[in-house]
Structures are given as structure tokens and as C-alpha cells.
Amino acid sequence: MELQLVYRVLRKISDWTVTGYYSDILVEGSENILNIQHGIQHGRVDGPVILCSSHHNEMIDIATLAMTMPKCRGERRHVSFWAKESMFRSVVGGWIMRSSGAIPVKRNPNKSQSGESPEKKKPASGIGHESLFTSTIHALALHKVVGVFPEGTSYTQPGIVQVMPGAARAAVEYELWRRENEGPNVVILPVGIVYTDKSCYQSRLVVQFGTPIRITDYFDELFSPSAFIPSSSFSSCPTVNNSINASSFSQEASAASYSLSETEDALATHTRAVTKAIAIRIEKSLFRLTINAPDWETLYAAGVARDIMFEDEEISLSEWVPVSQSFVDLLSSSSSTSPESVQGKRQALTRYFALLYNTGLTHAVLQGLFPVSMMAESTAASPNSTTTMAKDVRHWTNKEWKRYHTATLFEHLRYITSTLAAWKNAAHTLSILPILPVYLPAFLVSHLTVRFLATSGEEEGEAQFRSVGGGVGLGIGLAIGKMVVSRIWRKKGVEISDNIFKKVGPITEGARALFVRCIETFGTYLPRGLHNGLIRKTRDRLTSPMLDLCSSNVTGHMSNILQSQIANIMTNKILGWLIVAWCLVKWYGLCIQRAHTAYTYILAPPARRLWTHHLSVLLAPRRALSGISSSSHILEEPDVVPYLTLPPPPTNAFIRRREQAQAQSNASDLPNLNSKRRPIVTSKLLLALLCAREEARQAALDVSNRAAKLQ
């Protein structure tokens with residue numbers, strides 16, 4: 001077994017990064033990665049595998065794949081990732097990449113770095129791809145796992161926009177080489193990495209290893225008699241057949257646009273056909289393992305509908321992908337018999353999403369702060385009214401608004417007094433305060449790295465820089481904490497330990513006396529036939545160790561040993577720092593999820609603005625409700641309209657141009673984000689949020705009812 005020291009270090013850092021940034025990680029289908037060649041009874045569970053993973057979160061995807069690899073013979077399998085060639089150019093970066101087993105990829109080899117067209121500057125045929133496939137075949141021949149991201153780049157889109165044939169081509173070339181050499185069959189394993197919110201701290205992620213794609217299923221077509229070539233055409237070493245035009249396998253070509261040429265020889269034709277079939281199968285597998293929407297509007301609407309329908313319970317990670325995809329399918333115009341009705345529901349949901357996005361809120365936070373439905377209060381205020389909910393609310397008086405806020409206050413009090421969740425959140429928040437100074441550098445460095453290093457508008461880069469910056473900041477905080485604790489211990493440590501151990505004697509003596517009293521009391525309830533001497537014998541035998549412990553010699557000896565050992569560890573040994581760091585990290589991990597929830601609901605600026613307004617309504621309703629007019633619908637007022645704009649769709653230079661044009665075309669149909677958002681009165685903003693929530697809730701219920709009828 002190879003030492004792979006650099007890879008092991010990077011994988012350990014990946015473990016800390018991913019588990020520290022995301023609160024829950026689910027891995028499904030890990031048994032497929034073992035690539036069982038001849039059955040478990042033969043022990044062949046470490047054959048060559050090509051991982052084809054979705055790629056929407058840059059380096060975090062690589063870290064996730066490395067840490068979720070299952071164990072084979074007691075060790076997690078090593079993954080040799082395809083990495084872009086630019087990462088190998090620097091001396092340090094190149095050494096790290098090569099030492100970790102990465103394979104360089106020349107991305108878009110038919111494009112020059114200067115942006116010239118292929119006609120002006122054409123590279124030599126086969127350059128880039130030949131070296132790539134040679135290195136890949138060599139790794140597979142050693143029974144390794146090769147990690148490939150067939151989408152070609154990391155991006156943020158409503159679904160998978162491209163799947164390139166590189167992984168399929170590598171598998172076919174390996175089988176062509178294996179025909180003339182010894183080695184086990186290769187298996188392609190699709191992997192779906194889905195994040196509930198990839199840039200959000202303490203969100204969740206699910207990793208699904210899909211059904212293996214075995215290349216043996218395509219042997220009849222690949223090795224048909226018409227495609228046979230004498231063995232002299234193959235090299236005895238793992239190299240690529242040069243008769244295949246590598247430029248036609250450009251990374252820009254997708255599985256759907258992969259075309260055949262009738263002028264090529266038989267082997268090249270069969271190789272292309274099999275590669276295309278495998279690439280299309282990979283594409284379909286990745287679509288099944290991930291969430292894919294036709295456009296941003298549908299994806300946003302589906303997310304809001306999902307959050308509304310599951311606001312009382314958290315969706316399990318095993319159901320996250322199918323539930324989310326079901327809402328996408330229901331809100332897609334192409335899958336509906338009445339596109340007009342679907343468009344209206346989608347518009348109500350996206351308006352609510354836009355308000356939440358532009359105010360920095362989520363549906364969970366708004367529902368937690370204002371759990372009372374405005375529809376119920378509107379019906380109670382005017383039970384005989386036939387007007388819509390939004391119009392009723394717009395005509396509410398100050399008294400009716402105060403009644404709504406009073407009902408909200410009572411709902412909060414009922415929640416606090418009848419459930420333990422609020423008390424648990426408060427306890428975890430208070431428990432994290434003692435170690436919070438150690439983590440303050442982590443929060444600060446994380447914020448600074450995102451601000452100065454992350455590209456604006458690229459969501460996939462935020463989680464990467466936040467996690468890396470947080471890790472660096474945590475190291476700084478632990479180092480500072482170690483220095484402070486060591487200095488305090490040198491000055492006060494001996495005195496503190498003396499005071500502690502001086503109290504050991506009285507405490508143990510009191511415990512012994514209490515134990516003896518319990519034994520004597522218990523003896524009065526025993527049957528009369530049981531001899532009292534047995535009770536006394538048991539009492540003396542059980543309490544004698546406590547009597548020995550209470551002796552001053554033992555206590556003093558323990559005090560001296562512990563004082564010397566603790567002082568030695570805390571002041572001079574690295575082990576002491578590691579133990580303290582491990583304890584702090586575990587302490588933080590136990591408390592951070594509920595403490596982060598409490599911060600989001602109470603201390604975060606958007607939530608703090610709303611609950612401050614809530615208290616001001618209860619104390620001074622006339623002043624707090626100023627600025628609301630009844631002349632028009634609240635969502636149509638000039639101050640509110642700019643808050644209904646959706647975020648602009650991100651772009652990526654490595655996504656095919658036709659997909660970019662389609663995204664820009666879809667973006668032109670969305671509201672203009674350039675409309676200036678002016679500061680808005682909190683009362684008006686809250687009214688818009690609550691009205692949009694009720695409209696979105698009704699739309700989500702209609703969609704859910706339609707899904708129930710279809711079933």
C-alpha cells in the first residue's frame with residue numbers, strides 16, 4: 001500500500017473543512033464504489049473505477065468526494081482527480097498536485113489563451129488528450145479510482161447544462177488497452193453531490209453514488225469483427241490509439257452533440273459510437289441524482305413551495321432530491337396541461353422568493369418570527385368579507401394590526417412554555433459563549449476571504465473561501481488561546497489545583513456517609529430471614545475504598561501527580577495543545593447548530609429589524625404603522641417593486657455559448673435588477689412579506705393538491 005502522505009494530509013483537511021462547514025452529510029450507495037469484480041467471496045473489491053461527479057461547488061466537491069470514499073480493506077480508496085493544467089504550473093502547486101496523484105487536463109485545448117479562433121491558431125492533434133488518457137489508463141491499470149467532473153467546470157445553474165465525453169472516452173481507451181494487456185474491467189460510477197444551500201454555513205449536503213455503468217455491456221459493439229485491428233496496432237504499454245483524432249474529442253463537445261464521421265476507419269467509428277452511448281448514459285444518471293430545473297424561475301418557485309409545505313418538519317436528506325425534483329416538475333410549464341395556471345402560481349412563489357432574497361431572510365426565519373397566518377386574522381377581523389386577503393390586510397386599522405402582533409406574541413409564549421426546542425437553543429447558545437473568543441478569528445478571516453478573494457456573483461466560490469478562511473482563522477484562534485491558557489496556568493494553575501484537591505476529602509467523606517445511610521435504610525425493608533451481619537459486611541466492603549480515598553496521603557499524592565503532569569503538558573508539550581484544541585472543537589460542534597439557529601432568528605440584522613418592529617408595534621402602534629397606504633396593492637407600490645427583482649443568473653466562460661445565450665434570453669424576461677432599491681419603512685416591508693407569504697402559501701397548496709390528484 002502506497003504511503004500517499006500528501007494525499008492523506010489533504011484528505012484530513014477535507015474532513016475537517018466539510019464536516020465543519022456543513023451540519024449534516026448523508027452518503028448513499030457507497031457500496032457501489034467497491035467495484036466488485038468476481039463476487040465478495042473472491043475478495044476482488046478494489047477494481048478500477050472512474051467517478052463521474054456533478055460539479056457545482058469548486059474545491060468543496062473534491063474535498064467531499066475524498067472524504068466520502070468508503071473503506072476498502074481498512075483504508076479509504078485513493079482518488080486521482082483530473083485537474084486543470086493551470087494548477088500544475090507553479091512549483092509548489094505542481095508538487096502538491098503531482099504528489100497527491102492528480103492528473104493534468106488541458107481544458108478547451110482548441111482555444112488559445114489569447115482568445116483567438118481555432119482557424120487562426122490550431123494546436124497539434126492529440127496534444128493534451130493523449131497525455132491525459134495515458135495517465136488515466138496507467139492509474140486504472142493500478143486498480144485506482146479516477147475522479148472526473150464531466151461538466152468541465154464548476155458553475156451555478158438551475159440544472160446540469162453540459163456533460164462532456166472525456167470520462168467515457170477514458171473508459172473506452174482503457175478497455176482497448178486491456179484487450180491486449182492484463183487487468184480488471186473498469187466501472188464508471190455517476191455521483192450526485194447536492195447541497196441544500198451550498199454557500200450557507202451549517203447547511204446540509206447529500207452524496208449519492210449511482211448505479212455502476214459497466215463497460216462490459218458495450219463489448220459486443222466495441223469489439224465487433226468489423227472493428228478488429230491486429231495486436232500490432234496496440235502498444236504494450238498504456239498509451240492512447242493515435243489513429244483517433246483527439247481534437248474531435250474536444251472538451252467543448254457534449255454528449256448530445258457528439259457526431260460520427262463515416263470516413264474514419266472501423267475502430268474509430270465503433271469507438272465513437274460506444275463513447276457517445278456511454279456519455280449519454282452518464283448524463284442521464286447525473287440528471288437522476290441531482291435537481292434540474294428548466295430555468296431559474298422554476299427552481300426558485302420550487303424551493304419556496306418545498307419550504308412552505310415542509311415548514312413544520314425538516315426534510316430528511318434521503319428525500320431532499322426526489323422531493324425537490326417533484327416540485328420542479330409540478331411547476332414546469334412543459335409538464336403541465338394548463339401553463340397559464342402554473343405561470344400564475346410560479347409568479348406568486350417567485351415574488352415571495354425575491355422579497356426574501358432582497359431582505360436577507362428565509363421562509364423559516366420569517367415563519368419563526370411571525371407564525372400566525374394573516375389569513376386567519378383577516379377572517380377574524382371581517383368574517384363576512386368577500387374581498388381578497390391582501391385587500392383586507394391593506395385596510396387594517398392600527399387596532400387590528402396590534403391584535404395581530406399580540407396574537408403573534410402569545411404564539412411565541414405558547415411555544416416557549418410548551419416545547420423544549422427554545423430552551424435547548426438558549427442552553428446551547430449560552431454554552432458556546434465561553435469558547436466563542438477562540439472562534440472569533442475564524443469568523444473574521446472567513447468574512448475577509450470572501451470579501452476580498454471570492455468573485456462577486458459566483459456562489460460556488462463563497463463556500464470554498466468561507467471554509468478555507470474559517471480553518472485558517474480557527475488555527476490562529478487556537479494558537480492565541482493556547483498562549484493565553486499557558487500563561488494563566490503558569491501563574492494560577494498550582495493554586496487552582498491545590499484548592500480543588502483540598503476539597504476532595506470533605507466531598508468523598510460526605511459521599512461515604514450518604515452511601516452508608518442508604519445501605520442501612522435499605523436493610524430495614526429486607527425480609528426478616530436475611531441476617532443483619534450480611535448488611536454490615538456489604539456496607540463495610542463497599543465503603544472501604546472511599547475511606548482509603550479520603551486519606552490525606554492518597555489525596556496529596558494524587559494532587560502532586562496531577563499538578564506535575566497537567567502543568568508539564570499545558571506548558572511544555574504539544575500534546576496538551578492538541579487535547580485542548582480537540583475538546584474545543586468538539587464543544588463547538590455540539591453547540592453550534594442550535595446557537596447558529598438562535599443567531600439567525602434573533603441577532604442577524606434582518607431578523608433583528610423585524611422583531612424590533614414587532615415590539616414597537618406592541619408598545620407604540622401608531623408610530624410603528626406609519627407609511628402604509630391603501631391606494632394600491634402592497635406588492636405594486638413603487639417602494640416595494642424593486643424588492644421583487646430576482647438575482648441575476650451567473651455566467652461561466654467554460655459553459656457552452658448556446659447555453660449562455662439561452663440563460664441570457666431567460667434573464668431578459670425577468671424583472672430588471674437595476675431598478676434602484678430605496679430604504680423602505682419596516683412596516684411596509686413587513687406587510688409586503690406577509691402578504692407575499694400568504695399568496696405563496698396558497699400557490700404551494702394548489703400545487704400540492706394537484707400532485708395528490710395526479711397520484
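Reader: Is Q202 buried or exposed?
Author: This is a predicted model. Q202 sits in the loop between β8 (187–195) and β9 (204–209). Buried means under 20% relative accessible area. The relative accessible area of Q202 is 13%, so Q202 is buried.

Reader: What is the phi of Q202?
Author: Q202 is not a glycine.

Reader: Which helix holds E58, and what is the phi of E58?
Author: E58 lies in helix α2 (residues 58–67). E58 is partly exposed, with a relative accessible area of 21%. E58 is a residue other than glycine, yet its phi is positive, near 50°.

Reader: How many helices and strands does the chain have?
Author: The chain has 711 residues, and buried residues make up 45% of them. Its accessible surface comes to about 36,800 Å², with 59% belonging to carbon and sulfur atoms. The count of elements is 25 helices and 10 strands.

Reader: What share of the contacts with a separation of 6 or more joins residues 24 or more positions apart?
Author: Contact means heavy atoms within 4.5 Å. Among contacts in the chain with a separation of 6 or more, the share from residues 24 or more positions apart is 77%.

Reader: How far apart are the end C-alpha atoms of helix α10?
Author: Helix α10 covers residues 339–359, which is 21 residues. At 1.5 Å a residue, α10 should span 30 Å. The model agrees: the end C-alpha atoms are 30 Å apart.

Reader: Which helices do the buried residues of α10 pack against?
Author: The buried residues of α10 include V342, R346, L349, Y352, F353, L356 and T359. An α-helix has 3.6 residues a turn, so residues three or four places apart point the same way. The buried residues of α10 pack against α8 (296–309), α9 (317–330), α11 (363–369), α22 (605–619) and α25 (682–710).

Reader: Which residue just after α10 takes a positive phi?
Author: The residue lies just after the helix, and its phi is about 75°. The residue is G360.

Reader: What backbone oxygen does the side chain of S467 reach?
Author: S467 is found in helix α17 (residues 459–502). S467 is buried, with a relative accessible area of 9%. Beyond its neighbours within four places in sequence, S467 is in contact with T17, Y21 and I60. At 2.9 Å, the side chain of S467 reaches the backbone oxygen of Q464.

Reader: What separates the C-alpha atoms of G471 and F443?
Author: G471 is in helix α17. G471 is partly exposed, with a relative accessible area of 43%. G471 and F443 are 28 residues apart along the chain, and their C-alpha atoms are separated by 9.5 Å.

Reader: What separates the C-alpha atoms of G303 and T196?
Author: G303 is in helix α8. G303 is buried, with a relative accessible area of 14%. G303 and T196 are 107 residues apart along the chain, and their C-alpha atoms are separated by 9.8 Å.

Reader: How many disulfides are found in the whole structure?
Author: C583 counts as partly exposed, at 38% relative accessibility. C691 counts as buried, at 0%. A disulfide needs a pair of cysteine sulfur atoms within 2.5 Å. A search of the whole structure finds zero.

Technical notes:
Residues numbered from 1 in each chain as written. Predicted model: local features only at pLDDT ≥ 70, side-chain atom pairs only at ≥ 80, totals over all residues. Heavy atoms only, no water. Helix = DSSP H or I, 4+ residues; strand = E, 2+ residues; numbered from the N terminus. Expected span 1.5 Å × (residues − 1). Buried < 20%, exposed > 50% of the residue type's maximum accessible area, 1.4 Å probe, protein only. Areas by Shrake-Rupley, 256 points an atom, 1.4 Å probe, with all protein chains shown as cover. Polar contact = N/O pair within 3.5 Å; in protein donor to acceptor, adjacent residues only side chain to side chain.
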